[in-house]
Amino acid sequence: MKFSRRKVIGIGAAGALGALGELAGIGIPLRVEAAGKNSPPSPHLPANEKGSQPLVLTVLGKATYGQTPEAIEAFNGLGSTQVAARHSFIEAQLHPQQISDAVCEHKITQLGLVSLNKDLAKLWADYFVEPNRLKDEMKDAPPKPGAPPVKMKDFNQMKIQPAMETEAATWIRAVYSQRQVHEILTEFWHDHFNIFAYDGNQAPVFAHFDREVVRKHALGNFREFLEAVAKSPAMLFYLDNFVNQSSNPNENYARELFELHTLGADNYLGTEDRSKVPGFAQKNPLGYVDGDVYEAARCLTGWRVDTGKNTGETGSFAYVDQFHDRFQKIVLGRQFPELQPPLKDGELVLDLLAEHPGTAHTICKKLCRRFVADQPSEVLIRSAAQIFIDKRKAPDQLLQVMRFILSSAEFSSGSAEQKLRRPFESAVALLRATGCEFQPSEKFLNIFNRAGQRRFGWRTPDGYPDTKEKWGNTTAWLEKWRLANQLMGGKIEGVKVQLTAISDHLSVKSPHALAEFWGNRMLGMPLSPNALKEVTDLLAQGRDPMRALPPVQIENRLGPAVALIAMSPQFQWRG
Amino acid sequence: MILVQIFLRGGCDTLSLVAPIDGPDRKHYEDARPSLKIPISGSNKALPITSTFGFHPAAKALQTLFIEKRLAVIQATGLMRPTRSHFDAQMMIETGATENRGQLDGWLGRYLTLSQAAPKAIHNSHSIEAVAIGAQLPNSLLACNKALVVNSLSGFDIAGGRFQEDQRAALRRMYGENSNPLLNQWINQSATETLNAIDEIESANPGAYSPTGGAQYPGGEIGNRLKSLAQLLKMEIGLEAIAIDMGGWDTHKYQGNGGEGQFARMIGELSGAVEAFLKDLDSSGKDSIGSRVRVVVLTEFGRRVKENGNGGTDHGHGSFMLALGQGVNGGKIYGTWPGLSSEQLFERADLKVTTDYRQILSELALGDRLMSEAPKLFPGFVPQKATGLV
């Protein structure tokens with residue numbers, strides 16, 4: 001679909017967009033001049049005052065993994081005003097498949113991540129069946145004299161290869177992909193439908209979950225997304241529904257389906273009797289209770305994974321009717337008759353959950369929290385939720401919700417300090433802004449993972465938290481700061497730092513000039529005066545800050561100076 | 001006193017840790033748990049602590065501590081407002097909220113405030129008073145601005161090489177109070193706390209750590225965390241409130257019985273780690289830290305009495321707490337046992353809650369100030385007479 005400006009405005013006029021004061025002027029004083037590759041975007045931008053930074057920085061800050069000179073230039077080239085450029089940017093980003101991403105794809109190809117594009121059956125065969133076969137073979141065979149002993153750990157390493165390769169590709173995409181909004185959304189939905197990727201039977205099939213479930217549906221239809229998750233082997237394994245059967249119900253998945261994937265804890269009314277929930281008699285209950293979870297678990301019995309030798313051992317979704325509870329049920333006030341056709345019970349549960357207004361509110365609240373502010377306004381959430389509800393049948397329902405949120409006045413006019421960068425965002429923003437040549441080496445990941453946000457590494461199904469209080473702790477700060485120094489130190493395998501080359505064009509390479517240049521480069525705007533002074537002083541080491549530094553001192557001091565910018569207050573926020 | 005909370009995340013299965021071994025409930029238990037029951041004979045039999053209850057066989061160290069009267073068990077504890085949601089239950093327990101939203105600070109943070117208001121011999125002159133060991137701040141310390149999160153003491157610096165001092169001084173000024181008035185004060189405060197922690201830990205010079213007293217920590221999350229905590233405590237930096245998490249208790253499938261399985265492995269780790277921790281601290285010289293530490297172990301709920309068909313258990317209600325260390329009257333089971341017959345269960349499915357978790361936390365935290373201060377520790381809570389636990 002081609003971008004149509006009229007269409008965007010049309011939504012604004014018809015929906016809540018207009019009511020929120022959108023298009024009434026956002027108070028952006030000037031268009032940022034297009035920036036060359038090696039020059040700061042503009043030395044004349046206003047300093048960081050609350051609420052008045054250029055729109056380009058807000059958009060790139062909140063909807064991408066961080067500005068770069070190239071990203072600012074591209075954004076500004078999209079329209080004659082900042083507002084027009086934002087519209088074009090959003091529209092283009094919401095159609096990621098139409099954006100060429102050759103550089104990023106090439107980087108991924110270079111890494112030789114063999115599991116990424118394998119289909120489910122192949123993933124299962126190569127990373128589950130095969131390691132198990134080798135393990136059995138080893139158990140049966142007498143140890144070969146002189147041969148190095150094979151460890152159980154090696155088989156487990158084989159099994160988690162698809163998870164680790166997805167992790168590596170995720171890093172590359174975050175740093176290099178042109179489809180930045182899609183990447184941020186992919187992270188959002190991975191948190192929302194969280195799976196711990198690195199053990200259990202979900203590890204061998206995790207590449208499928210990332211590719212065919214999360215990435216495929218991130219801008220699609222929520223009901224279809226929900227079903228893709230429900231039928232994905234990774235989720236069936238992670239939340240145990242693969243063993244949920246009529247004789248032995250297991251309610252783990254059903255519970256999190258209600259509490260985390262759809263209605264949310266806000267709509268959980270506890271252990272109440274179902275008939276006492278307001279709206280129950282009208283088949284329109286306000287929220288859910290344990291009774292709904294139990295009955296939904298019954299509806300989802302027989303939803304399994306084909307792991308049987310007789311059925312081909314395909315590792316794919318399988319519905320086994322004889323394990324399904326065929327009797328009548330009541331979920332969210334609706335009667336389900338007995339003996340429904342295969343899959344019908346479970347699909348009806350997904351229908352009811354996807355269409356419940358509580359789900360719309362919960363999902364939109366989380367999206368607004370991710371993209372706008374830790375505490376988004378209720379009016380924004382409700383307006384987004386109304387679109388979620390109105391467009392529930394649309395194949396691009398989530399795209400339309402995102403278009404609304406990203407076009408809202410609240411998204412663009414809020415202060416620059418609403419979203420603290422989580423550790424992953426911090427690291428990626430640093431790699432992007434400093435123009436490092438980057439590959440996610442094992443050494444790099446080991447250092448990064450200390451900060452507590454390994455991708456796909458959150459064990460419980462609620463996903464990484466998304467408010468600043470949860471990430472403003474000592475360890476998160478310390479590890480962010482450590483990482484900045486370690487990366488800029490240039491000694492981490494896979495991270496090629498080229499600071500001196502990037503600022504080599506400066507005519508006078510004085511501490512002051514270098515600090516000013518790198519401040520602009522890292523932030524897209526000038527450093528605050530006191531931070532500028534600190535960075536300058538670190539470079540000058542007591543000498544005249546206006547005099548050119550000899551090359552050897554630039555080599556020694558530029559890394560710590562740029563790291564200090566990455567540690568400074570301004571760099572901590574997402575635009 | 002140093003209060004250590006070990007939170008078992010995911011809902012630890014009470015009936016596998018403290019199982020009925022005799023009396024009418026043994027029969028109910030065996031009926032409900034045909035494959036998961038802890039046996040009462042054979043090599044994996046329960047370890048008796050009273051005539052009717054026994055610990056899981058992997059909890060040998062806990063049994064020893066119980067016999068030595070250092071460890072107390074409180075049965076059928078939990079939330080008076082039932083919920084089977086992990087996240088609701090944890091949030092309510094940790095903040096003390098009586099609805100699932102409301103109270104927005106953690107109980108351990110309030111404990112710290114109360115403890116500092118109380119008269120005591122030596123006043124804390126250090127900056128590190130509360131710490132969570134791990135990567136995240138648990139809600140027990142939510143909104144406590146004195147709480148640090150420490151993952152590991154090795155590498156507790158900013159790795160700045162020879163410019164590290166310059167950088168730290170620069171950061172202090174950049175995040176100083178009036179240096180960036182346009183910026184959020186929150187960020188100044190939280191960054192400055194981190195700089196203070198770096199200074200404090202640097203001056204205590206942690207270095208490589210060797211446990212004392214022959215303590216051998218098991219590998220794994222809880223062993224590593226308690227070891228880091230012992231190291232921190234021995235630095236005598238003034239810690240008073242500590243939160244440690246141990247995850248992995250949400251055993252919906254294959255949890256195992258007495259002999260093997262996930263539950264046995266984890267309870268073995270917990271038991272071994274607690275034993276090593278106490279040994280390590282007891283041997284810390286005069287005025288041993290061990291004599292000042294009080295530990296409480298809790299979880300958000302117990303699990304369904306009847307096992308599910310996948311060798312696991314689903315979310316339940318009543319659970320347990322363990323208390324040990326300074327002043328704890330151990331060797332005894334506290335709390336009213338509600339029984340396991342169908343009509344004695346909550347919703348005919350789960351162990352009932354007969355003791356409000358707030359009663360136990362208040363007794364452990366407040367001692368003889370229970371009646372006067374429990375309502376401050378847990379707003380809206382009216383304590384019962386002390387159980388004699390401390």
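A salt bridge is a side-chain nitrogen of Lys or Arg within 4 Å of a carboxyl oxygen of Asp or Glu. Glu534(A) and Arg173(B) form one, with N and O 2.6 Å apart. This is a predicted model.

**Where the chains meet**

- Chain B brings 61 residues into contact with 59 residues of chain A.
- The size of an interface is often given as the accessible area lost when the parts come together.
- Between chain B and chain A, about 5100 Å² is buried. Carbon and sulfur atoms give 55% of that area.
- Five salt bridges are counted between chain B and chain A. The side chains of Glu534(A) and Arg173(B) meet in a salt bridge too.

**Nonpolar cores**

- The largest nonpolar core has 232 residues. Trp189(A), Phe55(B) and Phe277(B) touch the most other members.
- Helix α9 of chain B, residues 262–282, gives this core its largest share: ten residues.
- A second core is separate and has 41 residues. Among them are Met92(B), Leu114(B), Val328(B) and Leu361(B).
- What does Phe55(B) contact, leaving aside its neighbours within four places in sequence? Its partners include Leu17(B), Val18(B), Ala46(B), Leu47(B) and Ile49(B). Leu62(B), Gln63(B), Phe66(B), Leu71(B) and Val73(B) are also in contact with Phe55(B).

**A three-strand sheet in chain B**

- Strands of chain B form an open sheet in the order β2-β4-β3. The pairing is antiparallel.
- The edge strands are β2(B), residues 18–20, and β3(B), residues 47–48. Each of these pairs on one side only.
- Three bridges join β2(B) to β4(B), residues 53–55. Within this pair, Ala19(B) stands opposite Gly54(B).

**Strand β6 of chain B**

- Are the faces of β6(B), residues 130–133, covered or uncovered? Both are covered. Ala130(B) and Ala132(B) are buried on one side, and Val131(B) and Ile133(B) are buried on the other.
- Strand β8(B), residues 241–246, runs parallel to β6(B) and is joined to it by four bridges. Ala241(B) in β8(B) is the bridge partner of Ala130(B).
- Strand β7(B), residues 147–150, also runs parallel to β6(B), again with four bridges. Here Val131(B) has Leu148(B) as its bridge partner.

**Helix α4 of chain A**

- This helix spans residues 69–76. Its buried residues are Pro69(A), Ala71(A), Ile72(A), Phe75(A) and Asn76(A).

**Helix α4 of chain B**

- The helix α4(B), residues 86–95, is mostly covered. Nine of its ten residues are buried.
- Those buried residues are His86(B), Phe87(B), Asp88(B), Ala89(B), Gln90(B), Met92(B), Ile93(B), Glu94(B) and Thr95(B).
- Gly96(B) follows α4(B), and its phi is positive, near 80 degrees.

- Leu380(A) sits in helix α18 of chain A, residues 378–390. Is Leu380(A) buried or exposed? Its relative accessibility is 0%, so Leu380(A) counts as buried; the cut-off is under 20%.
- Leu380(A) and Ser408(A) are 28 residues apart in sequence. In space they are 8.0 Å apart, C-alpha to C-alpha.
- Asp240(A) lies in the loop between α13 (233–238) and α14 (252–261) of chain A. Its phi is near 70 degrees, a positive value in a residue other than glycine.
- Asp240(A) has 4% relative accessibility, so it counts as buried.
- Tyr254(B) is in the loop between β8 and α9 of chain B. Its phi is positive, about 45 degrees, although Tyr254(B) is not a glycine.

Note on methods: Residues are numbered from 1 along each chain as its sequence is written. Chains are lettered from A and ligands numbered from 1 in the order in which they are written. Side-chain values use heavy atoms; hydrogens and water are left out. Buried means under 20% relative accessible area, exposed over 50%, partly exposed in between (1.4 Å probe, protein chains only). Helices (H or I, at least four residues) and strands (E, at least two) are DSSP runs, numbered from the N terminus. Two strands pair if DSSP finds at least two bridges between them. A nonpolar core is a set of buried Ala, Val, Leu, Ile, Met, Phe, Trp, Tyr and Cys residues joined through side-chain atoms within 4.5 Å. Contact means heavy atoms within 4.5 Å. Buried area is the accessible area (1.4 Å probe) that two parts lose on being put together, summed over both.
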